[in-house]
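Here's a quick report on one helix and the sheet behind it. Have the structure open while you read.

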Amino acid sequence: MTAETADGSVQNGVAYPRPDLLKTGVPQKFEYSQPIIDAHTHWYSGEFVELVVTEGGQNNAKISGPDESGTYTMQAIGRGHGAGYYPYRGSRFMERLIKIEWQLERMEDRGVDLHSIGMTHPKIYWAPPEFALRLARAQNDGLSELHQQYPDRFMGQIILPLQDVNLSLQELERAAALPGLRGINLGHHVNGLNASDKSFWPLWARCEELDQPLMMHNIDPLGPDRLYQGGVDLVNSLGNPFEATLAAVSMIVSGMLDEFPGLDVYLPHAGGALPWIVGRIDYQIWRGFFSGLALERASQYLGRFYYDLILHDPILTRTMIELVGVDRIVSGTDWPQGMSVWRPVEYVETIPDITQDEAEAILCRNPAKLLRLTSSTY
């Protein structure tokens, strides 16, 4: 398939200039009457970072820094599979992730009106439960305060101390009542336990009652030794999308989606391999595996998920639209992380044969629907 840019240029069958890179080159194609929303962005509240830096050393974390740029690095210790995101390099609290002014200065350049902010690594599952609850409150309160300061620019996603379901239920009730928080910022697993595990189901039941979607995010991907083997780093290219795949398939075959029919789930990295390997799960179901599901095929559950833009290929995104429907594709970019789609409007507008209605659905209507946002919300 050959894709043309807005000015008609084509290179090797891919629309250029690449809209997911930093330099723009494609003029805007459509006018949008609704706010453009990015459902997958990141920021740490100052209170969260201060708590990690000052008390993390007594609570399963190793803190180093600040370096010459003022950046602290955190590595979790002693937690096995959940020993901090990428124990080889840790989590760095960089300027772009803690200075909201840095993000505000670049929003217009991105063409985005509203960011929905969740936490990237390290999240809080590495910490003892009571300390994790304090971390959750610091982040959630900071997000709510940020929304109140910039109600048209930022919404927040609730983070919970998922290593303790009772504490999570407690924080969910509190945080869901705060202004500006929509959705649950949720790792694909919690210290090696899949988010679909039945021990979490009382929490997902309450999320369904509160109409809070699950906003999934990668953390500690499978097989870190192999992902770093030979001096190469395959975490972003393979590890993170495979985590999304595992999380989604486990939610299907465990019966979790049947149990909570009103619960929406957002998958980062466009669902990883899910849309492309779901036929294999269909075949297993036909052969008698995964019995007891409400639907006959795993592919019938594709419509239970929302999928973001992090494919880095507008042509494949067109295929995704054909597979799952345009109403399930959401503007979500992982910004300002290294794998982010820097300019989502350009990205969407270079999807082959994109119509204005499809572009508005992806950039405006679908993320607003997922996050339960109305004109009175922001």
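The buried residues of α3 pack against β3, α2 (95–98), β7, α4, β8 and α12 (344–349), with contact meaning heavy atoms within 4.5 Å. This is a predicted model, where local features need pLDDT of at least 70, side-chain atom pairs count only at pLDDT 80 or more, and totals for chains, interfaces and linings use all residues. Residues are numbered from 1 along each chain as its sequence is written, and side-chain values use heavy atoms, leaving out hydrogens and water.

In α3 (residues 100–110), I100, W102, Q103, M107 and R110 are buried, that is, under 20% relative accessible area with a 1.4 Å probe, protein chains only. They sit on the same side of α3, because their arc around the axis is only 135°, taken from the axis-to-C-beta directions. E105 and E108, on the other side, are exposed (over 50%). Just after α3 comes G111, with a positive phi of about 80°.

Now the sheet. It is open, with seven parallel-paired strands in the order β3-β7-β8-β9-β12-β13-β14; pairing takes at least two DSSP bridges. Strands are DSSP E runs of at least two residues, helices H or I runs of at least four. β3 (37–42) and β14 (305–307) are the edges, each with a single partner strand, so one side of each lacks a neighbour in the sheet. The twist averages 30° from one strand to the next.

Two helices pack here, with angles (0 to 180 degrees) between N-to-C directions of axes fitted to C-alpha atoms, for helices over the stretch in contact:

| Helix | Strands touched | Angle to β8 |
|---|---|---|
| α5 (residues 165–176) | β8, β9 | about 160° |
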